Amino acid sequence: MKLILNADDFGLTESVNLGIVDCLKAGIVKSTTIMMNQPGTQHAIELYHQGLVPEVGLHFTVTAGKPISSPELIPSLVDNQGYFLDKTTLINKADVVEEEVILELNAQYQAALNAGLKINHIDSHHFGGVFHPLKAAFTRTANDIGLPVRRIDNIVSGQDSLLVPTPDAFDMRFFDGGVSLTGLQDLLLSHKAMTPNGTVELMCHPALFASDELRSLSSYLTKRVEEHALLTSPVLQQWLSDNGIECIGFNQL
């Protein structure tokens with residue numbers, strides 16, 4: 001079985017960025033996705049250009065921070081101050097305008113290209129792109145861009161209209177209470193039993209430490225540090241090898 005452990009939230013803060021780079025060096029994590037509108041975005045771009053990030057995708061973000069597009073052009077996605085709506089508000093919104101989602105996704109993708117990033121896949125922060133209000137627009141844009149994406153059937157079933165490559169399975173359970181060596185081992189062995197020759201993607205969210213800046217941006221804190229420790233562990237590396245699980249990135253999908 002092949003395993004993609006993608007580090008989400010590259011660009012959120014410097015402590016997140018450095019934690020992700022550590023995991024990439026360790027070799028279990030081989031893929032990350034960048035947020036183009038966060039305090040640590042420029043730092044993440046610099047790390048990429050230093051050659052510390054072998055491959056990077058776009059972490060499409062519509063539930064945190066300000067848009068790349070002018071807020072006046074995407075009123076169904078922002079509040080009165082021009083910030084993106086929170087996740088709960090967005091996923092229950094009935095009047096999201098599809099063309100506005102497409103505009104902002106393309107703006108974030110273009111911003112990444114303008115920064116000199118060779119984007120190789122796309123996913124979405126908080127699964128924003130795969131909830132009902134955004135899924136059609138996300139699918140259309142992903143098809144137009146033509147890059148692989150994270151599966152989009154984990155929240156709302158079905159992805160028949162998606163024309164680009166995806167892993168054979170995506171599992172969101174390596175998160176919060178699911179972050180432990182034994183929990184990860186059990187999860188991977190269950191997937192290996194079902195798809196021994198397939199490719200499974202898990203998301204991860206490592207950070208070096210829970211900085212004050214990170215505390216102001218995310219409620220997911222100490223578990224990020226635990227993830228970092230686990231994903232740089234030689235014990236996990238050896239276990240993966242012993243069990244015939246090959247870690248790959250999206251370039252090898």
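Helices here are DSSP runs of H or I with at least four residues, numbered from the N terminus. With that in hand, here are some exercises on this predicted model.

**Exercise 1. Check the length of helix α5, then look at what comes after it.**

Start with the residue range: α5 covers residues 132-145, which is 14 residues. The expected span is 1.5 Å times one less than the number of residues, so α5 should span 20 Å. Now compare this with the model, where the end C-alpha atoms of α5 are 21 Å apart, in agreement with the expectation. Finally, step past the end of the helix: G146 follows α5, and its phi is positive, near 90 degrees.

**Exercise 2. Find the buried residues of α5 and say what covers them.**

Take the cut-off for burial as under 20% relative accessible area. The residues of α5 that pass are P133, L134, K135, A137, F138, T139, T141, A142 and I145. Next, look for their cover: it includes the strands β3 (56-60) and β4 (119-124), together with the helices α3 (87-91) and α4 (98-114).

**Exercise 3. Work out which parts of the chain the salt bridge between R140 and E98 ties together, and how accessible each partner is.**

First, the distance: the closest N and O atoms of R140 and E98 are 2.7 Å apart. Then place the partners: R140 belongs to helix α5 and E98 to helix α4, so the pair ties together parts 42 residues apart in sequence. Last, the accessibility: R140 has a relative accessible area of 38% and is therefore partly exposed, and E98, at 30%, also counts as partly exposed.

**Exercise 4. Decide whether D8 and R150, partners in a salt bridge, are buried or exposed.**

In this pair, the closest N and O atoms lie 2.9 Å apart. D8 sits in strand β1 and R150 in the loop between α5 and β5 (169-171), so the bridge links distant parts of the chain, 142 residues apart. Relative accessibility is 3% for D8, which means that D8 is buried. R150 is at 4%, so R150 is buried as well.

**Exercise 5. Locate the partners of the salt bridge between E246 and K2.**

The side chains meet at 3.7 Å, N to O. E246 is in strand β7 (residues 246-247) and K2 in strand β1 (residues 2-10), so this pair ties together parts 244 residues apart in sequence. E246 is partly exposed at 38% relative accessible area, and K2 is partly exposed at 33%. To finish, a search of the whole structure finds 11 salt bridges.

Technical notes: Residues are numbered from 1 along each chain as its sequence is written. This is a predicted model: local features need pLDDT of at least 70, side-chain atom pairs count only at pLDDT 80 or more; totals for chains, interfaces and linings use all residues. Side-chain values use heavy atoms; hydrogens and water are left out. Helices (H or I, at least four residues) and strands (E, at least two) are DSSP runs, numbered from the N terminus. Buried means under 20% relative accessible area, exposed over 50%, partly exposed in between (1.4 Å probe, protein chains only). Contact means heavy atoms within 4.5 Å. A salt bridge is a side-chain nitrogen of Lys or Arg within 4 Å of a carboxyl oxygen of Asp or Glu.
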